[in-house]
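Open the model in your viewer and keep the selection tool at hand. The tour makes two stops.

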Amino acid sequence: MESMLGMPGVVESIDKDGNIKVKMDKGGDSKLWSPALVLPGVVIPTAQMAVGNKVYIKNLTVDEGKAAQEAHGCWNPDMGNYLGKVGTLSYKYPDGEVKVRFEDGIQYSWFWGLVLPAPADVTTPAAKPPSSFTTGAKVTIKSVAPSEAQAAQSGHGGWVASMEKMLGKTGVVESVDKDGDVRVKMDDGSGSMLWNPSLVTLESGCSTVSLSVGSKATIKCVRLDVAKEAQNGHGGFSVNMGKYLGKAGTVSYKYQDGDVKIRFDNGDEFCWSHELVLPGTPAQVPTAYDVGTAVLISNVTADEARAAQDGHGGWNTSMANYLGKNGTVSYKYADGDMKVKFTDGNEYCWFWGLVGPAQAGGITTSSGGCKPGAHKGVWRSTETKYWCSTASMTEGALCTHGSEIIKAPHWSCCGCQDKDK
């Protein structure tokens with residue numbers, strides 16, 4: 001209802017207690033108001049204000065503020081930073097609109113319906129230390145009692161009823177003003193509001209929160225195919241990145257979404273998803289499988305595998321034939337690398353980041369019971385709409401191999417990735 005303060009409307013009804021239902025001229029919304037808050041005729045709140053008075057810009061969402069400004073001096077994207085803020089009236093226009101100057105020296109022309117007299121208890125805030133929040137950061141609004149949140153909001157943009165539903169919810173930082181107050185756009189689409197920073201916490205899931213340029217950081221010990229997937233939308237995956245899994249380097253740049261650029265001792269530098277980075281140089285033990293365990297070699301490109309093998313037994317061109325194939329661990333090295341033997345008798349030393357748990361299928365008889373040349377399903381190739389068809393896809397559950405999604409041509413019945421086996 002704050003957006004309706006100072007705005008004109010038409011009386012629709014008056015109840016037995018004298019409360020007045022008013023339909024607003026703009027937007028057509030109807031609300032019931034105490035008669036003490038309703039004035040006859042069209043009253044422009046800025047008419048009683050004078051140059052030099054402290055005024056308050058309503059704490060609306062950016063979309064609401066932008067809509068109200070239409071045909072009233074237009075909208076500057078930076079004006080969103082001043083919704084819910086106190087400034088000084090610096091100029092009055094004949095139509096009631098005003099120009100307001102803020103503490104940082106910036107001033108804008110505002111529609112009179114967005115301006116109210118500043119609360120009597122508002123004082124100019126003391127300078128605050130730099131905010132720990134950055135634009136794009138994932139945050140959570142603290143789950144506190146509405147009364148506690150309302151009290152904390154005094155002098156920090158104020159409080160409106162819709163903010164109660166945002167308590168305990170997640171969002172993304174849109175901006176941070178000079179006072180350190182944080183405008184957060186909610187993930188659930190409920191809008192964006194200006195918050196006291198004491199009510200906002202950085203999302204704990206972002207492991208790079210504590211990192212800054214110059215900090216030591218370590219890439220997680222994950223499989224190369226897992227890292228490649230995590231890099232989607234976070235700078236992509238370069239052929240040479242695999243060799244740095246589990247390695248430490250120095251943060252050379254930090255992005256607003258928490259991703260970081262890391263420089264390694266040899267001068268190589270890559271942008272890494274925050275999901276793949278650990279602060280400091282913690283001891284990590286790569287996943288290594290015991291001798292006799294059935295494993296799967298990651299189905300990555302030959303170039304990616306060859307680069308990852310650097311320092312881990314090297315690369316033999318014949319190894320490309322076994323990418324995406326099942327085998328059995330025949331030897332485990334102290335650093336986590338493994339020698340894997342395949343059903344044709346060939347065996348190679350593989351970087352631990354290229355070895356994962358075996359899937360049903362591969363070049364051996366699968367758990368689905370298929371024998372070479374006796375498959376019960378269909379061959380899923382790149383020519384089909386999907387390589388792996390499950391119940392959630394439009395074609396339905398054509399794959400019955402019972403394993404995770406296979407992102408390569410395979411038999412639908414057992415997951416075998418060799419058409420001729």
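Buried means under 20% relative accessible area, exposed means over 50%, and partly exposed lies in between (1.4 Å probe, protein chains only). Select K332: at 35% relative accessibility, K332 therefore counts as partly exposed.

Before moving on, note the ground rules. This is a predicted model, in which local features need pLDDT of at least 70, side-chain atom pairs count only at pLDDT 80 or more, and totals for chains, interfaces and linings use all residues. Residues are numbered from 1 along each chain as its sequence is written, and side-chain values use heavy atoms, with hydrogens and water left out.

**Stop one: around K332**

Show the strand. K332 belongs to β20, residues 326-332. Strands are DSSP runs of E, at least two residues, numbered from the N terminus.

Now show the contacts (heavy atoms within 4.5 Å). Leaving out residues up to four places away in sequence, K332 touches A288, Y289, D290, V291, D337 and M338.

Which side chain makes a polar contact with the side chain of K332? Select D290: the distance is 2.9 Å. A polar contact is a pair of N or O atoms within 3.5 Å; within protein, one must be able to donate a hydrogen and the other to accept it, and residues adjacent in sequence count only if both atoms are side-chain atoms.

**Stop two: an open sheet**

Select β17, β16, β15, β14 and β18. In that order, these five strands form an open sheet with antiparallel pairing. Strands pair if DSSP finds at least two bridges between them. At the edges, β17 (269-272) and β18 (277-279) each pair on one side only.

Finish on β14 (residues 216-219) and β15 (residues 248-254), an antiparallel pair with three bridges. Pick K216; its bridge partner in β15 is T250.

Note on methods
Helices (H or I, at least four residues) and strands (E, at least two) are DSSP runs, numbered from the N terminus.
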